[in-house]
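Please keep the sequence and the 3D view open as you read.

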Amino acid sequence: MAKKKSIYTKDVVLVMAASFFFMFSTMFVNPLINGYAKNLGASSAFAGVIVGIMSVAAMFLRPIAGNLTDKFSKYRLSFIGGVLILIGVLGYVFTPSSAWLLLFRLINGTGYVLCTVCMTTWLAFLVPRQHVGEAMGFYGLMNALAMALAPALSINIYQKIGYRESLIASAISALLMVIAIQFVGDHAKPIVKDKSKMPKKHFKIIQMNVLPVAILTTLFATPYFVTQADLVTYVEQKHLSVAVGSYFLIYAVVLLIIRIGLKRYFDTVRFGVWFWISLISTVAYISLLAMMNNNWQMALAAAGMAMGYGIIYSVLQSTALLLAPIEEQGLASSTFYLGLDIAMAFGPMLSGVVDSVLPIEWFYPVELVLIPFMLLVYFIWRKRLNEAIDHH
């Protein structure tokens, strides 16, 4: 019996490595940018604008990035994105004032948008369509590991050497991303068809087949980003004696085990199975965080988040690509990330409102209101979502 050919070619590994570097660069900055802005003289309100402007801008830039990705080489756009991230981060290091920091935040955000959309689409281009789920599982793992490790390292490095010096690590990571893609052989240029026989393409904001995926992405990602932004403050307000700094490290380790163990199943198991596993796990980890008073409950909550958000993230990402036609893979990717941007931008804002009007004991239970909406979206579009794996 012939040995199955691995999908992890040199190009695939390099794109995955590059995705880790650009995500690490971005997530390394996030925990520091608020304090750095204030350190440069920004008011609390203006510092908040500087922090949030990247996510808000991303929502408007996603459709542009999606349309460009379907028309140009994925390498070219990823290279431009990586260079913009590098310029943005170097700008943070050398900026003389908070006003300039806002400008460099926008440059960084533009690069981030291009990289997320282009590199997801690039990876899907490099693997056989029947293995998109497995590839997205490992691509998502690279992103998740970067999102877990970068904030922990940035806080520790900043406390030892200060803001400007620690941000150099983010710039180095962006530079490594730019270098890594230089060695990818397949630049994923769009397939050129006979233009005379093709209908004229118009600019699209979203890929309509992917709309339910984007909505579910927002709903599942909101508790994740609320936890990322507010878990430390939540623990302080409840005066809990837990090692909160270990939460996302536990999440990353559990996620690594899950993604490796389930890698073959992402391409063969229908969406509904993953949805129910993730839904139940989401209810579990939100409930555990609500009642948490020791490290065991915290660790179980982190594991539940890995089972919930960690699994559904990759499933939603691969489902988005499978539901869209080949010529609109970039638009499908940008639609998926638009759902993520909405959660990233507005989740922490809404949690701030909840925290200001309700006792801290209600901070997590209130998030369970998202569950009925998840069920509603799934039941409306379950046929389309479950048939996605038939589009290999």
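Which residues lie nearest the centre of the largest pocket? They are N30, P31, Q228, A229 and D230, and the pocket is lined by 45 residues.

Before going further, a word on the source: this is a predicted model, in which local features need pLDDT of at least 70, side-chain atom pairs count only at pLDDT 80 or more, and totals for chains, interfaces and linings use all residues. Residues are numbered from 1 along each chain as its sequence is written, and side-chain values use heavy atoms, with hydrogens and water left out.

**The pocket**

A pocket here is an open set of points on a 1 Å grid over the protein atoms alone, where a 1.4 Å probe fits, with protein on both sides within 12 Å along at least five of seven lines; lining residues have an atom within 4 Å of a point. The largest pocket has a volume of about 1,400 Å³, counted as the space filled by probe spheres set on the points. The elements giving two or more residues to its lining are α1 (10-39), α2 (44-69), α4, α5 (132-161), α7 (211-237), α8 (247-262) and α11. Helices are DSSP runs (H or I, at least four residues), numbered from the N terminus. The most comes from α7, with 10 residues. By class, the lining has 27 nonpolar, 15 polar and three charged residues; Ala, Val, Leu, Ile, Met, Phe, Trp, Tyr, Cys and Pro count as nonpolar, Asp, Glu, Lys and Arg as charged, and the others, Gly among them, as polar.

**Helix packing**

Axes are lines fitted to C-alpha atoms over the stretch in contact, and angles run from 0 to 180 degrees between N-to-C directions. Contact means heavy atoms within 4.5 Å.

| Helix pair | Crossing angle | Axis distance |
|---|---|---|
| α9 (271-291) and α10 (295-323) | roughly 150° | within 8 Å |
| α4 (98-126) and α11 (329-357) | about 135° | 9 Å |
| α10 and α11 | about 150° | 8 Å |

The angle between α10 and α11 therefore makes them roughly antiparallel (over 145 degrees). The α10 residues Y309, Y313, L316, Q317, A320 and L321 make this contact with Q329, A332, S333, F336, Y337 and L340 of α11. These residues divide into nine nonpolar, three polar and no charged.

On the α4 side are Y112, T116, V117, T120 and T121, which meet Q329, G330, S333, S334, Y337 and M344 in α11. This contact has four nonpolar, seven polar and no charged residues.

Finally, α9 meets α10 through residues including F271, W274 and Y285 in α9 and L300, G304 and I311 in α10. That contact divides into 16 nonpolar, seven polar and no charged residues.

Conventions. Angles under 35 degrees count as roughly parallel, over 145 as roughly antiparallel, 65 to 115 as roughly perpendicular and the rest as oblique.
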